[in-house]
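Here is a short briefing to read alongside the model on your screen. Keep the viewer open and find each residue as you go.

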Amino acid sequence: MKKTILLALAALLSLTCAAKMRYTVELDTVGRYLNVHLLYTASEPGQQHVELQMPVWAPGYYDIINYPKYLTDFSATRTDGTPLPWQKFRRSTWIVDMGGADTIVVTYRTYANKMDVADSRIRPEGAFIAPNGTFMYENGHKLEPVEVSYNVPANWKHVSSGLRPVAGTTSSFIVPDFDILYDSPLLMGNHFVDKFQHKGHEYEFAFDPGDDYEGSTFKKDFLAMVDACTDIMKEVPYDNYCLINMQGIGGGLEHLNSQADYSSGTFTAPDRADYIRLLDFIAHEYFHLYNVKRIRPIELGPFDYSQEAFTPLLWFSEGFTSYYSALLLRRGGIISAEELLGIYSNYISAIETHEGQRHMSLRQSSYDIWLDFMGDNANYRKVAISYYNKGAYMGLLFDAKIRCVTNGERSLDDFMRLLYQRYYQQLQRGFTEEEFWQALHEVMGTTTEAADATILLRRICDTTDPIDYDALLSPVAISLNHDNWALTLDQKAPKKAIKLRKALLGE
Ligand SMILES: [Zn+2]
């Protein structure tokens, strides 16, 4: 009896100490494969089979990537190497017959040779790992811990990510669940690393390469942007943050406490416009920490990695993030009010000079992004719009309207804080489309003017109706040239309007 209890206790301890899914990953730097080894322990006694599933998309990247297309040489065995039968089911599920075993071994290889933030890439000198296309979860058990250990070549000095390695290791991790695992890409190799503390939080810059970083103003400017962001949201939602930046074709992806980017920008800024573009790009991915990772439409989490997550509000999640990324640079004292308006002008021009705006609303562009994420349709500009561009200047129009209706008492910052505090901090969920518009109305107050303003802004987002820019921007002393879509400061506007603009643009 006593022995039975001890055995049961030992079994319980082993369950709590070791995840039932334990991955080891070998890096084939010549063939450019990730060789994945999974030790799987049954979820329950007498389990007949296990369904292993690989995601087909990555949150933040609203496209079906079909990661299983990179996978080859799948096999399942008992721990003694005896093969077990398995079958593929639809596009991303493997069903393995456990054959009465409690623990089995699953192995497969994934080809990793694509320069994209949602894909893994291995080279002799380093590797970028996109976990979505590397690891399978067990259907129905996605929120359970998982162990991952990478066998990194001995001459690689760094493993950079938002994850904390197991004590005494640099490349072994115990991750609370697969949502966090999939949200934690890694950069390994001999890239440039700068680790530092700022206001009680740890930061790691992982740059490949980082040749022109030393002596640049990048760290100072990045932290000024971070502080401007903290001023808005009143909370820093991480202990540690990792910024991965790799040289390559553009593209960035936001994560829970990191971002991974390919960019062609430089830190030394011989061309100021190039440098500002790089900062704006990195600030965009940083602001996503709040807007989309935590302030989110209800469809964007918890994630179903097996199919699309359709939402009508990506124009808010992406566009307002672009509105804020530039605004953060202004509030951080990095760019001028004129430079800020220049960035917003480009967004207006990108929409107003193409026919697509007459055929697709912001709402529709969000919902239908899964049909054409890359804009591959040759007819794209005639029938579609980018919610990044139109959504960004909607941020300006929202901010202007809120400030006007509330006589400068409230701003878009109050709206973002309300969503953050109510839905992320208190309710711990996303918001519905109706809740989004109700929150906007609430921020502007209970007046008829607030109700009318909500209806107006919603109509602009949900339809292709022309926008009366002058009516929306002149009360905040901003002019729009309808010939070249340039925004300028209207210094002849009434004092009240100029006062609102100064608060908006931080003049
Ligand atoms: Zn984004």
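Let's begin with Leu340, which sits in helix H6, spanning residues 337–352. Keep in mind that this is a predicted model. Is Leu340 buried or exposed? Leu340 is buried, because 22 other C-beta atoms lie within 10 Å, and the cut-off for a buried residue is 20 or more.

**Around Leu340**
- Leaving aside residues up to four places away in sequence, Leu340 touches Ala326, Leu327, Arg330, Ile335 and Leu505.
- Phe196 is 144 residues away from Leu340 in sequence, and their C-alpha atoms are 29 Å apart in space.

**How helices H4 and H5 meet**
- Helix H4 covers residues 272–287 and helix H5 covers residues 314–331; they pack with their axes 8 Å apart, at an angle of about 125 degrees.
- That angle makes H4 oblique to H5.
- The crossing of these two helices, H4 and H5, is right-handed.
- On the H4 side, the contact is made by Ile276, Leu279, Asp280, Ala283, His284 and Phe287.
- On the H5 side, the contact is made by Thr321, Ser322, Tyr324, Ser325, Ala326, Leu328 and Leu329.
- Sorted by type, the residues of this contact between H4 and H5 are eight nonpolar, four polar and one charged.

**Backbone details to look for**
- The peptide bond from Asp208 to Pro209 is cis, with omega near 0 degrees.
- Pro209 lies in the loop between strand E16 (201–208) and helix H3 (218–233).
- Gly301 and Pro302 are also joined by a cis peptide bond, with omega about -5 degrees, and Pro302 is in the loop between H4 and H5.
- Asp73, in strand E4 (residues 71–78), has a positive phi of about 60 degrees although it is not a glycine.
- Asp73 counts as exposed because it has 11 C-beta neighbours inside 10 Å, and the cut-off for exposed is 12 or fewer.
- Arg90 is another residue other than glycine with a positive phi, near 50 degrees.
- Arg90 is in the loop between strand E5 (86–89) and strand E6 (93–97), and with 8 C-beta neighbours inside 10 Å, Arg90 counts as exposed.

**The whole chain**
- The chain has 14 helices and 21 strands.
- Of its 507 residues, 43% are buried.
- The radius of gyration is 25 Å, which agrees with the value near 23 Å that a compact globule of 507 residues would have.
- Along the principal axes, the C-alpha atoms fill a box of roughly 85 × 55 × 50 Å.
- Among contacts between residues at least 6 apart in sequence, 68% join residues at least 24 apart.

Conventions. Residues are numbered from 1 along each chain as its sequence is written. This is a predicted model: local features need pLDDT of at least 70, side-chain atom pairs count only at pLDDT 80 or more; totals for chains, interfaces and linings use all residues. Axes are lines fitted to C-alpha atoms, for helices over the stretch in contact, and angles run from 0 to 180 degrees between N-to-C directions. Helices (H or I, at least four residues) and strands (E, at least two) are DSSP runs, numbered from the N terminus. Angles under 35 degrees count as roughly parallel, over 145 as roughly antiparallel, 65 to 115 as roughly perpendicular and the rest as oblique. A crossing is left-handed if the near helix is turned anticlockwise from the far one by less than a right angle, and right-handed if clockwise. Two residues are in contact if their C-beta atoms, placed from the backbone, lie within 7 Å. Ala, Val, Leu, Ile, Met, Phe, Trp, Tyr, Cys and Pro count as nonpolar, Asp, Glu, Lys and Arg as charged, and the others, Gly among them, as polar. The radius of gyration is taken over C-alpha atoms; the globule rule is 2.2 Å times the number of residues to the power 0.38.
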